[in-house]
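Me: I have a new model open. Please show me how to read a few of its features.

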Amino acid sequence: MAADTIAVGAKGVYRPQHDSWLLIDALERSNAVTGRRVVDLCSGCGVVAIAAAELGAGAVTALDSSPSAVRATQANALAAQVDVETVLGTWTQALEHEPFDVVVCNPPYVPVAPDTAPATVSSTGPMASWDGGPDGRLVLDPLCRTAAAMLTEGGSLFLVQSEFADPEQSLASLRMGGMDASVVATQQIPFGPVLHAQARWLRDSGRLLPGRVEEVLVVIRADKP
């Protein structure tokens, strides 16, 4: 799906960036989606959910806690002429549904200085799309702990995050939950406005070397036996 077909149409809705496209590319190369039941957590404008539908998923659900994001996903799915069920709610509500064959997620993962703004798992608004709390793991930790419960046997999780939010911790948590987890894609990108704004905090917390202005994104795939 081309970037110029995404008509977000709402202030504060996450617009597709490098992490979205890296996650979609991993899905395309995996051949894990066709004919399967997919849920896109923290869906934003719905670009990953729409890509899953275009890849031939049997059914796609997009879940986001922002009403604006849900409306944007509905509009973008209509424009792309694909069927995507949209659900307003936090990512944890996926646990209330029957297990999915594929779970995809581009969660908030940017480490944010504690005095920037209060962060909560259920918050909405512009910061909610990227604010991962002081260590970037506000959503990543509970998501990795519960991912297996969202999946059918033989199901797969595809998760994108920054190096600054400790991918090794995600891998360890997923493996502790009985899943076979590995990094399947990486990309080095220049800092955008968000990371530039948090660069001082990243340096102070020991995550960023002075003068460095690039980050590595990773896509983790975790398969449930």
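**Rings, charges and strands**

Reply: Start with a charge over a ring: the charged end of R37 sits over the ring of F100, 4.2 Å from its centre. The rule asks for NZ of Lys or CZ of Arg within 6 Å of the ring centre and within 35 degrees of the ring normal. This is a predicted model: local features need pLDDT of at least 70, side-chain atom pairs count only at pLDDT 80 or more, and totals for chains, interfaces and linings use all residues. Residues are numbered from 1 along each chain as its sequence is written, and side-chain values use heavy atoms, with hydrogens and water left out.

Me: How many bridges join β1 to β2, and how many join β1 to β4?

Reply: Strands (E, at least two residues) are DSSP runs, as are helices (H or I, at least four), numbered from the N terminus. Two strands pair if DSSP finds at least two bridges between them. Five bridges join β1 to β2 (residues 59-64), and the two run parallel. From β1 the chain passes through helix α2 (residues 47-54) to β2 in a right-handed β-α-β crossover (clockwise from the first strand over the helix to the second, with the strands pointing away from the viewer). V39 has T61 in β2 as its bridge partner. Four bridges join β1 to β4 (residues 100-105), also parallel. There, V38 stands opposite V102.
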